[in-house]
Structure formats: C-alpha cells, structure tokens
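Here is a short report for a first look. Read it beside the structure shown below.

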Amino acid sequence: MISIALMFAFACFGLGLLFCLWRITVGPDVSDRILALDTMVINLIALLVLYGIWKGTAVYFEASMLVAMVGFVSTVAYCRFVLRGDIIE
Amino acid sequence: MPAIMEILISAFLILGGVFGLVGSFGLVKLRDTMQRLHGPTKATTLGIGCALIASMLYFFSTGGAVSFHELLITLFLFLTAPIAANFIAKTYIIRNIDRSELPASSREYGWSVYDDSPALRREE
Amino acid sequence: MIRRLIPHPLLSITLALVWLGLVNTVTLGNLLLGTVLGLVVPIITAPYWPNRAKLSRPLIVVRYVLLVLWDIVVANVQVAWIILFKRSTDFRSRWITIPLELTSPEAITVLAGTITMTPGTVSAMLGADGRSILVHCLHTDDPDYERDRIKQRYERPLKEIFE
C-alpha cells in the first residue's frame with residue numbers, strides 16, 4: 001500500500017514541478033519567476049525525501065537539508081538583487 | 001509493519017502529494033502575482049511537511065529509531081517560507097505597483113519600499 | 001557570572017537541539033559536543049545581538065504555537081478549496097493595513113510570519129517606521145473583520161509574550 005501512495009505522491013510533486021516550469025517560462029514578471037523557482041526547490045526537496053523513503057535510506061536527508069538552505073539563500077539573493085541592485089552592501 | 005502504521009504513512013503521503021500539487025497548481029491558475037504568492041507559501045509548505053512526517057513514521061517503524069532530521073527540515077521550511085514570500089512581495093511591489101494604489105499606512109511614515117526610515121531621515 | 005557565561009540561554013538550548021538533530025543520534029559524546037557548541041557560539045556571536053528578546057510566560061508561548069499550527073492546517077484546507085473550486089474571476093483580493101501596537105522587532109517578525117502562514121493572508125511590507133504592516137488578502141468580503149481578527153488572535157498574545 002505504501003508503494004502505491006508513494007507513486008501517487010511522486011506523480012503529484014512531479015506534476016507540480018511541471019507547473020512551476022510553465023510559470024517560469026511564461027513569466028510575466030521577474031517576481032513570478034523567482035516565486036516559481038522557490039516553489040520548484042520546495043517540490044524538489046519533497047521528491048528527494050520521497051526517493052529516500054522509496055530506497056529505504058536516510059542518506060538523502062543531508063541532501064534535502066542542503067537543498068533547502070541553498071534554495072532559501074538563492075531566493076533571498078535574487079530578490080535583493082532586484083530590489084537593491086546589489087546583494088551584499 | 002503493523003497495518004495501522006501502513007495506513008497512517010500512506011495517508012500522510014497522499015495528503016502531502018495533494019497539498020503540494022494544489023500549491024503548484026495555484027501558480028498556474030491564479031491571475032496576478034500577489035494572488036499566486038498564496039499557493040506556494042502555504043499549501044506546498046504543508047505538503048512537504050506531510051511528506052516529512054510520513055518519512056519520519058516510515059523510518060521509525062522500519063528501523064525502530066526515532067529520527068529528528070525531518071523535524072529540522074520542516075522547521076527550517078516553516079521559518080523561511082514567510083521570509084521568502086515577504087521578499088518576493090516587495091520585489092513585485094517595487095517594480096509594478098505605484099504607491100497610490102496601496103492603502104495608506106495610517107501612520108506618520110509611509111511604506112518602507114517608498115519611504116526612508118526615521119533613522120535615515122534624521123541623518124539628512 | 002552565569003549571565004556572562006550564558007548570555008543567551010534560549011539560543012544555547014536551540015543550538016544544542018539543532019546539533020542533536022543534525023547528527024540524528026543521541027549519545028553522550030554528541031550531547032557534550034552540542035552543549036559546548038551551545039555555550040561557545042552565543043559568546044562569540046554576542047556582539048551581533050545588541051538587544052536581546054525577552055520571552056515571558058512560557059505557557060502562552062506553547063498555547064500560541066499550538067494555535068498557529070492548528071490555524072496553518074485550517075488555512076491550507078481553505079486556500080486549497082479556494083484555489084481548486086473558485087473561478088479566478090470571482091476573487092476579491094484586497095490590501096489591508098494593520099496598525100501595530102508591537103514595538104520589538106522580534107515580535108513583529110513573528111507576527112509577519114504568522115500572518116503569512118495563516119488563512120488567506122500574506123504580509124507584504126512594513127511601514128518605514130515599523131509601526132504598521134501591509135497585508136494582502138486572497139479573498140475577503142470584509143477587510144475590517146480580517147484586520148480585527150489578526151489583531152485579536154495573533155497580536156494580543158504576542159504582546160503578552162514579548163512585552
């Protein structure tokens with residue numbers, strides 16, 4: 001039963017990634033693209049966690065933790081760049 | 001693995017998948033950027049929270065050891081999602097919205113994107 | 001003496017707990033290492049924390065956290081419902097202004113985070129003097145009601161906790 005639920009969750013988050021990709025290509029504003037990238041990172045973390053359950057190892061948690069941190073920092077960096085034209089003042 | 005655990009894990013996985021999908025679907029369906037901000041900040045974050053709880057339960061029932069890793073990731077995401085959303089909102093506002101379209105701040109100073117803070121004003 | 005050694009007790013506890021979470025096993029060695037980190041890091045970073053947040057009334061903190069967690073779940077069901085089944089032409093999105101009574105930056109940060117995570121509202125911007133907050137509502141018929149709800153439900157307990 002878990003494997004079926006796992007497949008369902010994989011499909012959901014994968015479809016979510018596609019939606020984000022669509023928003024990145026269509027735009028129309030930079031902030032939309034940043035938002036879509038941020039959401040993409042979150043979906044990606046979910047996929048990593050699900051993959052860890054599928055394979056039955058806890059190795060992927062370090063990876064998802066790192067992806068979460070990098071994703072947050074890059075979102076903030078993008079926004080700051082657009083807001084101030086500069087990341088570190 | 002006991003049946004109840006299996007049902008619980010599957011339920012959390014499906015719930016997580018549905019919330020994650022709804023959050024991303026909001027990105028496609030809603031019409032302006034501020035509306036779109038609502039989907040990913042809430043639904044997707046809760047979706048991934050559900051997936052992480054499922055993973056915690058799974059490793060608890062197979063390995064027997066309690067793992068806190070997932071809690072850390074969940075906590076991190078719940079703390080950072082509002083900050084990222086706030087930054088994106090500001091980015092959108094400064095590029096697309098004129099100050100006359102926003103309601104007044106009802107205080108002496110205006111909104112921070114348009115107005116200088118009191119400390120900056122004193123310097124001048 | 002104790003205050004000099006542990007300038008920021010809450011940060012120390014958080015650091016130790018995060019360390020334990022990162023290594024993911026509780027052994028005596030990890031516990032010791034976590035404690036050392038929890039003691040050393042606040043002392044080194046003390047210059048970057050000029051004014052420290054005081055937390056009072058732990059019971060209200062617990063109640064507030066539970067309230068917010070519950071609201072997050074409710075919020076998500078509501079927002080999911082709106083996103084899935086409401087036609088996007090029917091949305092009545094509004095900006096609302098909330099004048100703040102909170103003054104400490106930590107309290108305002110927590111309030112802004114809470115607003116973003118709970119039903120149909122995203123905090124977008126602060127006033128330049130930090131005394132009002134701009135909130136975007138996904139769908140509301142009564143902006144005044146939303147404003148009063150946020151003030152009653154979230155700002156009042158935060159005022160008790162931080163001030």
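## Where chains B and C meet

Two residues are in contact if their C-beta atoms, placed from the backbone, lie within 7 Å. By that rule, 43 residues of chain B are in contact with 37 residues of chain C. The model is predicted.

Which elements of chain B give two or more residues to the side that touches chain C? They are α1 (3-29), α2 (33-36), α3 (38-63) and α4 (69-96) of chain B. The largest share comes from α4(B), with 9 residues. By type, this side of chain B holds 22 nonpolar, 13 polar and 8 charged residues.

## Where chains A and B meet

Chain B also touches chain A. Here 43 residues of chain A are in contact with 45 residues of chain B. On the chain A side, α1 (2-26), α2 (30-55) and α3 (60-84) each supply at least two residues.

Which element gives the most to this side of chain A? It is α2(A), with 16 residues. The side of chain A that touches chain B divides into 31 nonpolar, 8 polar and 4 charged residues.

## A helix pair inside chain B

Two packed helices are described by the angle between their axes and the distance between the axes. Take α3(B) and α4(B). Their axes come within 9 Å and cross at roughly 175°. An angle over 145 degrees counts as roughly antiparallel, and α3(B) and α4(B) are therefore roughly antiparallel to each other.

Which residues make the contact? From α3(B) come T41(B), T45(B), I48(B), G49(B), L52(B), S55(B) and M56(B). From α4(B) come E70(B), I73(B), T74(B), L77(B), F78(B), A81(B), P82(B) and A85(B). The residues of this contact of α3(B) with α4(B) divide into 9 nonpolar, 5 polar and 1 charged.

## Chain C on its own

Chain C has 6 helices and 3 strands. From the N terminus on, its elements run α-α-α-α-β-α-β-β-α.

Next comes its overall form. The C-alpha atoms of chain C fill a box of roughly 60 × 35 × 25 Å, taken along the principal axes. The radius of gyration of chain C is 20 Å, whereas a compact globule of 163 residues would have one near 15 Å. Of the 163 residues in chain C, buried residues make up 29%. Consider the contacts in chain C with a separation of 6 or more: residues 24 or more positions apart account for 67% of them.

Note on methods. Residues are numbered from 1 along each chain as its sequence is written. Chains are lettered from A and ligands numbered from 1 in the order in which they are written. This is a predicted model: local features need pLDDT of at least 70, side-chain atom pairs count only at pLDDT 80 or more; totals for chains, interfaces and linings use all residues. Helices (H or I, at least four residues) and strands (E, at least two) are DSSP runs, numbered from the N terminus. Ala, Val, Leu, Ile, Met, Phe, Trp, Tyr, Cys and Pro count as nonpolar, Asp, Glu, Lys and Arg as charged, and the others, Gly among them, as polar. Axes are lines fitted to C-alpha atoms, for helices over the stretch in contact, and angles run from 0 to 180 degrees between N-to-C directions. Angles under 35 degrees count as roughly parallel, over 145 as roughly antiparallel, 65 to 115 as roughly perpendicular and the rest as oblique. The radius of gyration is taken over C-alpha atoms; the globule rule is 2.2 Å times the number of residues to the power 0.38. A residue is buried if 20 or more other C-beta atoms lie within 10 Å of its own, exposed if 12 or fewer, and partly exposed in between; C-beta atoms are placed from the backbone.
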